[in-house]
Amino acid sequence: MKGITACAIQLILVAVFHQACRRPQTKSPSAQVQSTTQAAPSAQATDTAKIFSGDGVVEGVDKSVDQIQINHGEIKGYMPAMSMPYRVKDKAMLDMVKAGDKVSFTLEDTAKGAVLIEIKKTAP
Ligand SMILES: [Cu+2]
């Protein structure tokens, strides 16, 4: 009887080990599919992370510091709606808009903060 019991325990152990071995194997194909589909969007995000565009209203132009004050809407992925001054990449941009202008703009997130690289009136 002892021999049979030992045999039965061995069979149970073998069965448990087989299950333990099979679980990772059956799960891994679906896990690989999930990881590849999740990797694609994050790779795209890093490529476009430095340039942002938004819309707003010019509240003032300060040529002494080369800044344009813009009350802007949410800039998705960068900052919420607010009024703030932006430095310009090119001083010529300071003459392109004035207080009260509705504008659309493009900015670059640099090591020194956001810099306007393009601004244009959206309404006369
Ligand atoms: Cu802002």
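Me: Which residues coordinate the copper ion?
Reply: This is a predicted model, where local features need pLDDT of at least 70, side-chain atom pairs count only at pLDDT 80 or more, and totals for chains, interfaces and linings use all residues. Residues are numbered from 1 along each chain as its sequence is written, and side-chain values use heavy atoms, with hydrogens and water left out. Donors are N, O and S atoms within 2.8 Å of the metal (3.2 Å for Na, K and Ca), and since water is not among the atoms, sites may look incomplete. At 2.1 to 2.7 Å, the copper ion is coordinated by His-72 (NE2), Met-79 (SD), Met-82 (SD) and Met-84 (SD).

Me: What is the geometry of the copper ion's site?
Reply: Four donors count as tetrahedral if all angles lie between 85 and 135 degrees. The angles among the four donor atoms here run from 88 to 127 degrees, so the site is tetrahedral.

Me: What spacing do the donors follow along the chain?
Reply: His-72, Met-79, Met-82 and Met-84 are the coordinating residues. Along the chain, the donors of the copper ion follow H-x6-M-x2-M-x1-M.

Me: Is Met-84 buried or exposed?
Reply: The scale is relative accessible area: buried is under 20%, exposed is over 50%, and partly exposed is in between (1.4 Å probe, protein chains only). Met-82, at 28%, is partly exposed. Met-84 has a value of 17%, so Met-84 is buried.

Me: How many salt bridges are there?
Reply: A salt bridge is a side-chain nitrogen of Lys or Arg within 4 Å of a carboxyl oxygen of Asp or Glu. By this rule the count is four.

Me: How many residues apart in sequence are the parts tied together by Asp-95 and Lys-63?
Reply: Asp-95 forms a salt bridge with Lys-63, with 2.4 Å between the closest N and O atoms. Asp-95 lies in the loop between strand E3 (82-88) and strand E4 (102-110), and Lys-63 in the loop between strand E1 (51-62) and strand E2 (67-72). Strands (E, at least two residues) are DSSP runs, numbered from the N terminus. The pair therefore ties together parts whose separation in sequence is 32 residues.

Me: Which residue forms a salt bridge with Lys-91?
Reply: Lys-91, exposed at 56%, has a partner with the closest N and O atoms 3.6 Å apart. That partner of Lys-91 is Asp-66.

Me: Which residues are linked with Asp-101 in a network of salt bridges?
Reply: Asp-101 is buried, with a relative accessible area of 5%. In its salt bridge with Lys-98, the closest N and O atoms are 3.5 Å apart. The residues linked with Asp-101 in the network are Lys-98 and Lys-121.

Me: Which residues make up the covered face of E2?
Reply: In a regular strand the side chains alternate between the two faces of the sheet. The uncovered face of E2 has Gln-67, Gln-69 and Asn-71. The covered face of E2 has Ile-68, Ile-70 and His-72.

Me: In what order do the five strands close into a barrel?
Reply: Two strands pair if DSSP finds at least two bridges between them. E1 and E2 pair in the antiparallel sense over six bridges, while E3 and strand E5 (residues 113-121) pair in the parallel sense over two. The pairing in the barrel is mixed, and the order is E1-E2-E3-E5-E4.

Key: Four donors count as tetrahedral if all angles lie between 85 and 135 degrees; four count as square planar and six as octahedral if opposite donors are over 155 degrees apart and all others between 65 and 115; anything else is irregular. Helices (H or I, at least four residues) and strands (E, at least two) are DSSP runs, numbered from the N terminus.
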